[in-house]
Amino acid sequence: MFSNKLSIEEFMLGLTKRNPHEPEFHQAVREVAESVIPFINQNPQYIDTRILERMTEPDRIISFRVCWEDDQGKIRVNRGYRVQFNNAIGPYKGGLRFTSNLTLDTLKFLGFEQTFKNSLTTLPLGAAKGGSDFNPKGKSDREVMRFCQAFMSELHKHIGPDIDIPAGDIGVGGREISYLFGQYKRLENKFHGVLTGKGLEYGGSLVRKEATGFGTVFFMDEMLKEHGESLEGKRCVVSGSGNVALYTAEKIIQLGGIVIAMSDSSGAIHVKEGMTQEQLEWLIDLKENRRGRIKEFADHFHCDFLPDSKVWPIPAQLAFACATQNELDIDDAKTLVKNGCIAVAEGANMPSTLEAAHFLKKNKVLFAPAKAANAGGVAVSGLEMTQNSMRLSWSMEELEDRLKSIMGRIHEQCLQYGKQEGQPVDYVRGANIAGFKKVADAMLAYGVV
Ligand code: NDP
């Protein structure tokens, strides 16, 4: 056999050539390659079998036309995708994203990340991601319904409870999942757990809505405790005000932290004395039921609104990046360090640029990467699948306990490969190697497939 050592730069050169013009995918792979390639070089069985090359190639990419009629009777054409990335350890699983600027590049980065995240949950879940360049913002309910029905008319051919189980993501919340599930049921004449994030009336799970945000805070709590700190009394900034951000804020408040800032793409609010539970409930209602903007919170509660600003310039000890990819760049990282931030947790997928993540780690800021910190969402999706198969529903307490213990197990796996003498734990390395090993070993067991 060959067993020549892998070089990160040569590997990345090959990947970039095979996947030109896909900067987000390159970024996600490089982040993994930087920590996994040194590990692979110590374990030659992964070199000769070209496991990393195989893991960076999706199993398949499905792209399809979605044709629907708007309220004016005009025909609209969008593009739908499902990237089925890897099913070595379980059926494909991952969200659907509806945003106007969605590209295959973004979906490949998300699907690749999902492989490691789902592996870390310790549940039998493979990885996929999908979506469309359809933007539900500004559309009527009827238009969203017609779009979802058209989208599912094609997607249903490629999914199933033992094949691929999509969920929500940006732009795909409870309303969209309901329309998608309704159409699947109509086409297949089957009632089974083919989507997660469903309504409680038809097979959804308690705590799914809260899971990603709650899980991110549980992970931050574990990370702080490991380093002799706690959340209690810490001033926190949370970017975004969508599903992940809102429930991150809720759990921070429950655990005694102080939420002083949140945002959306139009700006940030600064609540100097900290948001109360009642104020947060008002914001959740605004965002979930009235589809409002964060500025309305500032107008209602007379706090500062910083137009077009991120939350990172507002001095805080803990930062939670819960909005979107690459929202925390090197300048933001420098600002956080200058203002005394001690820990950053990624609630969103790849919210930090590589440069920002390197800078934070170099400056000894504890850094929880997305694939570990935000795995709570897919973990509770896995629990929703279990409940659907068993035809039962677990209670809020039981599910929150299970979520907490899964986040604890993810943290332990990070420690196994990320602990280093006299330094803070390297959670990026820990998460990447632990996530990689399980999938790689399953692929090795299957032989050359
Ligand atoms: P939502 O669509 O519910 O919310 C996204 C939020 O981010 C909105 O408040 C949006 O504001 C805001 N936002 C978008 N771009 C920016 C920006 N440039 N600056 C500031 N705010 C911005 O999505 P989710 O909360 O579900 O997802 C957020 C992230 O978490 C994504 O990366 C997603 O992939 C990831 N994730 C989500 C999971 C889940 O269970 N929902 C699971 C795991 C990961 P606006 O309304 O103005 O656009």
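Analyst: Rings of Phe, Tyr and Trp (its six-membered ring) pair if their centres lie within 6.5 Å. The model discussed here is predicted. One aromatic cluster in it is formed by F64, W68, F98, F134, F147 and F151.

User: How many aromatic pairs does the structure hold?
Analyst: A pair of aromatic rings is described by the distance of the centres and the angle of the planes. The number of aromatic pairs in the structure is 23.

User: Which elements hold F98 and F151, and how many residues apart are they?
Analyst: This pair links distant parts of the chain. F98 belongs to strand β3 (residues 92-98) and F151 to helix α6 (residues 141-155), and they are 53 residues apart.

User: Are F98 and F151 buried or exposed?
Analyst: The cut-off for a buried residue is under 20% relative accessible area. Both F98 and F151 are buried.

User: Is F301 buried, partly exposed or exposed?
Analyst: F301 forms a tilted pair with F297, with 4.7 Å from centre to centre and 45° between the planes. Both residues lie in helix α11 (residues 295-301), four residues apart, about one turn of the helix. F297 has a relative accessible area of 0% and is buried. The relative accessible area of F301 is 25%, which lies between the limits of 20% and 50%, so F301 is partly exposed.

User: Over which ring does the charged end of R402 sit?
Analyst: The charged end of R402 is 4.0 Å from the centre of the ring in question. That ring belongs to W394.

User: Which strands stand at the edges of the open sheet?
Analyst: Seven strands form this sheet in the order β9-β8-β7-β6-β10-β11-β12, with mixed pairing. Each edge strand has a single partner strand, so one side of each is left without a neighbour in the sheet. The edge strands are β9 (304-307) and β12 (366-368).

User: What angle does the direction of helix α8 make with that of β11?
Analyst: Helix α8 (residues 208-226) packs on the sheet and touches β10 (318-321), β11 (343-346) and β12. The direction of helix α8 makes an angle with that of β11 of about 150°.

Key: Residues are numbered from 1 along each chain as its sequence is written. This is a predicted model: local features need pLDDT of at least 70, side-chain atom pairs count only at pLDDT 80 or more; totals for chains, interfaces and linings use all residues. Side-chain values use heavy atoms; hydrogens and water are left out. Rings of Phe, Tyr and Trp (its six-membered ring) pair if their centres lie within 6.5 Å; planes under 30 degrees apart count as stacked, over 60 as edge-to-face and the rest as tilted. Helices (H or I, at least four residues) and strands (E, at least two) are DSSP runs, numbered from the N terminus. Buried means under 20% relative accessible area, exposed over 50%, partly exposed in between (1.4 Å probe, protein chains only). A charge sits over a ring if NZ of Lys or CZ of Arg is within 6 Å of the ring centre and within 35 degrees of the ring normal. Two strands pair if DSSP finds at least two bridges between them. Contact means heavy atoms within 4.5 Å. Axes are lines fitted to C-alpha atoms, for helices over the stretch in contact, and angles run from 0 to 180 degrees between N-to-C directions.
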